Amino acid sequence: MTVIVFIILGLILIILQATVLMLNPLWVAAPDLYYILVAYLAYRFDLVRALFIILPLGWMLDTVSGVILGTYPFICFGAFFLLRFMSIKMPVRESLYQIPLVGVSYLVVCRIVFVILDFLNPGTLVPWSWPEMFVRALLIILLAVPMFRFFEFVNQRLLRSFSSFRIMRVRSGNRYR
């Protein structure tokens, strides 16, 4: 059930990003909300459940706003594995590095994708601009705090409701006990 709920949350974020928050495709202040969800999944979920959530979201992003097929699934999986690998290797408490690492990984993944796409289709992309990418990374960092709290709230509510449901279900059918 957690996977289904987070897929629905991801679809809502994709719809918000592709319709409401994207005034212009070249607009600098358009946050990539799906990236925050991918980062949360990399930090909090196990590998199998996170991949079951990321795969349909990457496909949906690719069909809604992808120019070259496979770009958004590559971004989602690349960000997931980069954040997962980097968070395992960190020697400090997780609260100190999680949010800034989301912004840094966003810049790294976007730069790698830009270089690959520029190599595959030279001249079709908008030129890379570090100031614009820093603004987008800053937006992601600022939005990550409330969104992480919201995702954590949803995850805790789902875990709590399922544990109470399991307790009720374990009881025997004998009502005279």
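This is a predicted model: local features need pLDDT of at least 70, side-chain atom pairs count only at pLDDT 80 or more; totals for chains, interfaces and linings use all residues.
Residues are numbered from 1 along each chain as its sequence is written, and side-chain values use heavy atoms, with hydrogens and water left out.

View 1. Helices (H or I, at least four residues) and strands (E, at least two) are DSSP runs, numbered from the N terminus. Reading along the sequence gives the pattern α-α-α-α-α-α. Of the 177 residues, 37% count as buried, meaning under 20% relative accessible area, with exposed over 50% and partly exposed in between (1.4 Å probe, protein chains only).

**View 2. The largest nonpolar core, with 50 residues.** Such a core is a set of buried Ala, Val, Leu, Ile, Met, Phe, Trp, Tyr and Cys residues joined through side-chain atoms within 4.5 Å. Phe6, Tyr35, Phe148 and Phe151 touch the most other members. The elements giving two or more residues to this core are H1 (2-20), H2 (33-44), H3 (47-65), H4 (71-89), H5 (94-120) and H6 (130-170).

**View 3. Tyr35 and its contacts.** Contact means heavy atoms within 4.5 Å. Leaving aside neighbours within four places in sequence, Tyr35 is in contact with Ile75, Ala79, Val102, Ser105, Tyr106, Val109 and Ile140.

**View 4. H2 beside H3.** The two axes come within 10 Å and cross at roughly 165 degrees; axes are lines fitted to C-alpha atoms, for helices over the stretch in contact, and angles run from 0 to 180 degrees between N-to-C directions. H2 and H3 are therefore roughly antiparallel (angles over 145 degrees; under 35 is roughly parallel, 65 to 115 roughly perpendicular and the rest oblique). Tyr34, Leu37, Val38 and Leu41 in H2 meet Ala50, Ile53, Ile54, Leu57 and Leu61 in H3. By class, this contact has nine nonpolar, no polar and no charged residues. Ala, Val, Leu, Ile, Met, Phe, Trp, Tyr, Cys and Pro count as nonpolar, Asp, Glu, Lys and Arg as charged, and the others, Gly among them, as polar.

**View 5. H3 beside H4.** Here the axes lie 7 Å apart, at an angle of about 150 degrees. That makes H3 roughly antiparallel to H4.
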